[in-house]
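Visitor: I'd like to learn how to read side-chain packing in a model like this. Can you walk me through it?

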Amino acid sequence: MTERQYAIQFIEKRKAALVEGEIDQSPLAPDEIAGRTIVSLISTGSERGAYMDYFGGTVYPVSTGYAAVMEVLEIGSAVKNVKIGDRVLALAPHQLYNRVKSDEISLVPEGMNPEHAVMGRFPAVSMTSMIHTAIKPTEPVLVTGLGVVGLMCAQMMRHCGYEVYAFDPNENRRETARACGIRHVYASLDEVPEVKGVAGLAMECSGREEGTYSLVANLRRGGELYLVGVPWYRSTDTFAHELLKNVFYGFIQLRSGFEWSLPRHSRDFMPNSNFSNIAKSMEWIRDSYIKVEGIYEVAAPERCDDIYSSMADGTMEKTCAIFDWSRI
């Protein structure tokens, strides 16, 4: 390894920078691996929260990052599941060199494009809710919010046999969803009255109250609604009474879609886990069941502030962005 480290940090509210520093040269723990980042993935939801300080109290500077594909350069003495030269997907920050525990990675399928592999982080977000739900693929599913998490959710559930109806007021997002093979794509539920009261499952991926209110009012009785998108800020003046009334009289099960309600690793009697979801997501992307080509922008880490600014302002041309570390 070189002696210089480069990392993206939020140095103040609405300001990102590529920061140079010293690389950690301490010996690896027996269960650690170290590697050089090839690409890293921006979360347009989770990272925007810290960049914009939506909840308040963020102490800057703060490291940031969501997922990275890296080439393994060194392994600890007890590591058996990877070897030097392997490519792995890790939940690691945006920095040139990363060190992670050997059980906190997923092997990238051989020959897979690293840009495509790192996108495997996104379908795993809503896969948690699909695993929890009792609603079977014989029923329609409603998906609101076609940012990258919602777009991946719609494709994943279509692949698993659900009849997907996807909604977003943004026409560019709707066009992207159609290009990815989603057949029923609309600006709002008002455009498809035939599914009102029919669908048993809804995935709210926008994080906005409007999506939740619309879905809970239009599910069949006994339906399930998962809140997948993070509600970073208040977006309506609607009282909670409307929501509670529809939940109560509709026998609706309103559930958190937080992905970490599953264990990180599979175990006896619980085969589903976050890391098994990530591995499966990469396989589905590799096999073209989930399409990612053309939905992301690739940027040099030096452009980080421009990328995060466009993300916050809603002017990002693509659905999401990936940092390419190959030229540093």
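Visitor: Let's start with one residue. Does Tyr-54 count as buried, exposed or partly exposed, and why?

Guide: Keep in mind that this is a predicted model. Tyr-54 has 26% relative accessibility, so it counts as partly exposed. Buried would need a value under 20%. Trp-232 falls on that side of the cut-off: its relative accessibility is 16%, so it counts as buried.

Visitor: You picked those two together. How do I read a pair of rings?

Guide: A pair of aromatic rings is described by the distance of the centres and the angle of the planes. There are 10 aromatic pairs in this structure. In the pair of Tyr-54 and Trp-232, the centres are 6.2 Å apart and the planes make an angle of 35°, which is a tilted arrangement. Tyr-54 sits in the loop between α1 (46-52) and β4 (62-63), and Trp-232 in the loop between β13 (224-227) and α7 (240-249), so the pair ties together parts 178 residues apart in sequence.

Visitor: Which residues do ring pairs link into a cluster?

Guide: Phe-10, Tyr-51, Tyr-308 and Phe-323. A ring can also have a charge over its face: Arg-121 lies over Tyr-66, 4.3 Å from the ring centre.

Visitor: And how do I read the core?

Guide: In soluble globular proteins, nonpolar side chains tend to be buried together. Here the largest nonpolar core has 52 residues, and Met-119, Phe-122, Met-157 and Met-203 touch the most other members. Helix α4 (residues 148-159) contributes the most, with 8 residues. A second, separate core has 19 residues, including Ala-16, Leu-96, Tyr-97 and Tyr-308.

Note on methods
Residues are numbered from 1 along each chain as its sequence is written. This is a predicted model: local features need pLDDT of at least 70, side-chain atom pairs count only at pLDDT 80 or more; totals for chains, interfaces and linings use all residues. Side-chain values use heavy atoms; hydrogens and water are left out. A nonpolar core is a set of buried Ala, Val, Leu, Ile, Met, Phe, Trp, Tyr and Cys residues joined through side-chain atoms within 4.5 Å. Buried means under 20% relative accessible area, exposed over 50%, partly exposed in between (1.4 Å probe, protein chains only). Helices (H or I, at least four residues) and strands (E, at least two) are DSSP runs, numbered from the N terminus. Rings of Phe, Tyr and Trp (its six-membered ring) pair if their centres lie within 6.5 Å; planes under 30 degrees apart count as stacked, over 60 as edge-to-face and the rest as tilted. A charge sits over a ring if NZ of Lys or CZ of Arg is within 6 Å of the ring centre and within 35 degrees of the ring normal.
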